[in-house]
Amino acid sequence: MSAWWGIGAALLCWPGLIGGAAFAWLLLWIQRKLAARLQGRKGPPFYQPFFDFIKLLGKETVVPGGVNRRLLYALPMVSAVAVVCALSLIPVPGNPMPSFAGDLIVLLYLLEMPALCGVLAGYSSRSLYGQVGSAREAILWLGYNLPLLAAVLSLAIKAKSLTLAELAGVPLGPVHVAAAAAFLLALPARLKRNPFSIPNAEQEIIAGPLTEYSGAPLAFFELAHALELVALVSLFTVLFLPTANAPGPGWVLYLLGSVVLVALITLVATASARLTLRHTFRIYWSWGAGAAFLALMIAGAW
Amino acid sequence: MKLFEGLLSISRRKSPWVYCLNAGSCNGCDIETAACLSPRYDPEQVGTLRQGSPKHADILLVTGPLTLRTQDALRDIWGQIPSPKAVVAIGSCPASGNVFAGSPTVVGALAQVIPVDVYVPGCPPRPQAILQACIQAAHLLAHGKTHDQQGRREARR
């Protein structure tokens, strides 16, 4: 019985829907505020992402001609629900979800859902901009997933387990350095931030796959994207910082690590220009593949 | 439900996203609009973001005297903005036609084609005035007083 309560609390309160969304909006605000300060602006107040979400919920939804209405509503919902489930699996401090064998594989599958839904949304919206954005995202998918998956798998090899809690408990070693480098390399493209923001390059293809979306579906896509940020940042802190070993400073280390990581991503995004699709792909299949290979080699050899 | 309505009203005031449209402007007002969106005046501190797609926008910023060639595009884009929406006419041209009034290639006042909520006087207006108009339009949206919201209420009755 108490296991079911734990699962429910993890899905709904922390790190699932409510706590996850609150933390996601905080991280989103840090991103926007820091970018604004770096550009010499004042930047938005801290409640901005929350009000943006509520406003979008209250707007009319325009269904473009020839687009399946159910698909239009289902894709953002599926991606938001998938990320909430993924979040609840990550063993962040205070997560009541019991860990089970193979939850790593479930997590990796669930984390792919928002990208898949985004690609489908762009293709199904019958907008040229959406289709171009989707094609770019689908191509990039093949690039950034190589270092991202290799980073997680090298830890799984080291831990000889597919349980997230055991992965988080691996004592820090050389494999963590190589795997963290691969993970960090994949992160900007995964979050579609500069310099790898070609799928939603707003100066050329408006809003990419989300061009035709409005109202509540757009709000849920934005929410899913924000939750994805939390999920990936949490995964990084849990796997590469020793948050699991000490319960006292675990919270502090987790929050601090997340904020520093988000600040780092924003710093890189603000300081860099957008790379073309060709260059992005080349970077991932040279440096990304190199980092992935190195991480797997170290995990196997050491 | 009442709570959500209140929250929605606040968030409409706090997060007005704009879409800029040039309806035959001489570019003077567009330069001032660009200045208004620049870091010096930073509209993001009041929640205003410039959107590339009309489907993401709340406020339509129109410049120019509305030429015959642009009026269909204007109506189309206005129709694509999901409701509730506000229209801000920037400069003297969309208010009256300005020096182009009476020209055979110009429609004249913007209000003949779509309902206008806020006028910004000036040829061109200052960036501060444009930002002020965005804030004013956001207040109208929050209180349900834009022409679009009033028209919908009338239609429901």
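Predicted model: local features only at pLDDT ≥ 70, side-chain atom pairs only at ≥ 80, totals over all residues.
## Helix α10 of chain A

Helix α10 of chain A covers residues 215-240, and its 26 residues reach 38 Å from the first C-alpha to the last, close to the 38 Å expected at 1.5 Å a residue. This helix is mostly covered, with 23 of its 26 residues buried.

## Packing of α5 against α10

Helix α5 of chain A (residues 103-124) packs against α10(A) at an angle of about 150°, and the two axes are 11 Å apart. Because angles over 145 degrees count as roughly antiparallel, α5(A) and α10(A) are described as roughly antiparallel to each other.

On the α5(A) side the contact is made by A:L107, A:L111, A:P114, A:C117, A:G118 and A:A121, while α10(A) contributes A:F221, A:E228, A:A231, A:L232 and A:L235. Sorted by class, the contact of α5(A) with α10(A) has nine nonpolar residues, one polar and one charged.

## Packing of α2 against α10

Helix α2 of chain A (residues 17-38) also packs with α10(A), here at an angle of about 85° and with the axes 8 Å apart. That angle makes α2(A) roughly perpendicular to α10(A).

The residues of α2(A) that make this contact are A:G20, A:A21, A:F23, A:A24, A:W25, A:L27, A:L28 and A:Q31, and those of α10(A) are A:L223, A:A226, A:L227, A:L229 and A:V230. By class, the contact of α2(A) with α10(A) has eleven nonpolar and two polar residues, with no charged residues.

## Helix α8 of chain A

Helix α8 of chain A runs over residues 174-190, and since its 17 residues should span 24 Å at 1.5 Å a residue, the 24 Å separating its end C-alpha atoms agrees with that expectation. Twelve of the 17 residues of α8(A) are buried, so that the helix is mostly covered; among the buried ones are A:V175, A:H176, A:F183, A:L187, A:P188 and A:R190. After α8(A) comes A:K192, whose phi is positive, near 55°.

## A buried serine in chain B

In chain B, B:S53 lies in the loop between β2 (49-50) and β3 (59-63). Its relative accessibility is 3%, and B:S53 therefore counts as buried. When neighbours within four places in sequence are left aside, B:S53 is in contact with A:I206 and A:T211 of chain A and with B:Y19 of chain B.

Key. Residues numbered from 1 in each chain as written. Chains lettered and ligands numbered in written order. Heavy atoms only, no water. Helix = DSSP H or I, 4+ residues; strand = E, 2+ residues; numbered from the N terminus. Expected span 1.5 Å × (residues − 1). Buried < 20%, exposed > 50% of the residue type's maximum accessible area, 1.4 Å probe, protein only. Axes fitted to C-alpha atoms, helices over the stretch in contact; angles between N-to-C directions. Parallel < 35°, antiparallel > 145°, perpendicular 65-115°, else oblique. Contact = heavy atoms within 4.5 Å. Nonpolar A, V, L, I, M, F, W, Y, C, P; charged D, E, K, R; others polar.
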